[in-house]
Amino acid sequence: MSEFTTPILTIKKLNKQFGSGCEQCRSKVDRKLNRNYCPNCGTIYSCRDITFDLYPGEVLGIVGESGSGKSTLMRSIYFDQPATSGEAYLQFYKEGKSNLFEESSQQKKYIRHHLMGKVYQNPVQGLRMGFTSIANIAEKMIAAENRNVESMESRGRELLNQVRIPVHRMMEAPKNFSGGMQQRVQIAKALSNNPPILLLDEVTTGLDLSVQANVLDLIKQLQRELNISMLLVSHDLGVIRMLADRTMVMLDGVIVEQGLTDQILEDPQHAYTQQLVHSLL
Ligand SMILES: Nc1ncnc2c1ncn2[C@@H]1O[C@H](COP(=O)(O)OP(=O)(O)OP(=O)(O)O)[C@@H](O)[C@H]1O
């Protein structure tokens, strides 16, 4: 991305820890951790000084093994849980000048529903499985203060069509759908308020390979059509290779390498990335 393009999202020194820390781990400079964990007090440092920019229309991949902190990062950005410290700025919110983490819970709700959408690995987290599909979509629209039933229904139909769920099934609950369909309803819901940013957390993990390919194709197509910026978390470098323009590699809560995806795949610098790339070949 050009240095002259303004990022749509900027994250600066985001930290998330579980535990209050002790004298052996509180200082960033000389803390002695076993991977992300303080052996003395048990505090887990899930995200450490995570800093990056997301640019308009780009897909930024975040890859790393289980426990490296990817989901914690996504949860912090979407306010599913509070970050311990750090800054986040959105170009579309107060001209990118206000740290989102310091906003009131009401403002965070506004940001979450108007400016972001999120698709979870486990559809139970993103959907009400017993509600109809269209009601799931409407729920996010209502959260963004849309009260017009007709416009919600027509938007719901449009979105279901866009994610290739037959519209005649809109009154069915996601609990009756296959895993791939549930993910598509989640994507429709996440897109309902036309957010400029979509967060995708391991959205194809656990699906059969052919279903996985369909969902990835859909994401790729939507990204092209809507030119939406995406943060895409996966432990699977194959998924990242297919979708991400740039990639960050996380290990033990730290970004160990970032760059253009092609560059990372062709010439990985960090030993862990080399190992990841090697396992893909
Ligand atoms: N609520 C919590 N309480 C304590 N520790 C947590 C909590 N949530 C996450 N962690 C720890 O934070 C670290 C990062 O977890 P996270 O789920 O973000 O990793 P991940 O890279 O997304 O892994 P996975 O792909 O398996 O989901 C792990 O060591 C995890 O045990």
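Q: What percentage of the contacts in the chain with a separation of 6 or more do residues 24 or more positions apart account for?
A: The model is a predicted one, and its secondary structure comes to 10 helices and nine strands. Among the contacts in the chain with a separation of 6 or more, the share from residues 24 or more positions apart is 67%.

Q: Why does the radius of gyration of the chain agree with that of a compact globule?
A: Along its principal axes, the C-alpha trace of the chain spans about 60 × 45 × 40 Å, and 42% of the 281 residues count as buried. A compact globule with 281 residues would have a radius of gyration near 19 Å, and the chain agrees with this because its own value is 19 Å.

Q: At what angle do helix α4 and helix α5 pack?
A: Helix α4 covers residues 133-143 and helix α5 covers residues 149-162, and α4 passes α5 in a right-handed crossing. Residues of α4 including Ile134, Ile137 and Met141 meet residues of α5 including Met152, Leu159 and Leu160, and by class this contact of α4 with α5 has seven nonpolar, two polar and two charged residues. The axes of the two helices lie 9 Å apart, and the packing angle is about 115°.

Q: Which element gives the most to the shell around the ligand?
A: The ligand is surrounded by 13 residues, the closest being Phe18, Ser46, Ser66, Ser71 and Thr72, and by class the shell has two nonpolar, 10 polar and one charged residues. At least two residues of this shell come from each of β2 (44-54) and α1 (70-77). The element that gives the most, with three residues, is α1.

Conventions. Residues are numbered from 1 along each chain as its sequence is written. This is a predicted model: local features need pLDDT of at least 70, side-chain atom pairs count only at pLDDT 80 or more; totals for chains, interfaces and linings use all residues. Axes are lines fitted to C-alpha atoms, for helices over the stretch in contact, and angles run from 0 to 180 degrees between N-to-C directions. Helices (H or I, at least four residues) and strands (E, at least two) are DSSP runs, numbered from the N terminus. A crossing is left-handed if the near helix is turned anticlockwise from the far one by less than a right angle, and right-handed if clockwise. Two residues are in contact if their C-beta atoms, placed from the backbone, lie within 7 Å. Ala, Val, Leu, Ile, Met, Phe, Trp, Tyr, Cys and Pro count as nonpolar, Asp, Glu, Lys and Arg as charged, and the others, Gly among them, as polar. The radius of gyration is taken over C-alpha atoms; the globule rule is 2.2 Å times the number of residues to the power 0.38. A residue is buried if 20 or more other C-beta atoms lie within 10 Å of its own, exposed if 12 or fewer, and partly exposed in between; C-beta atoms are placed from the backbone. A residue is near a molecule or strand if its C-beta atom, placed from the backbone, lies within 6 Å of it.
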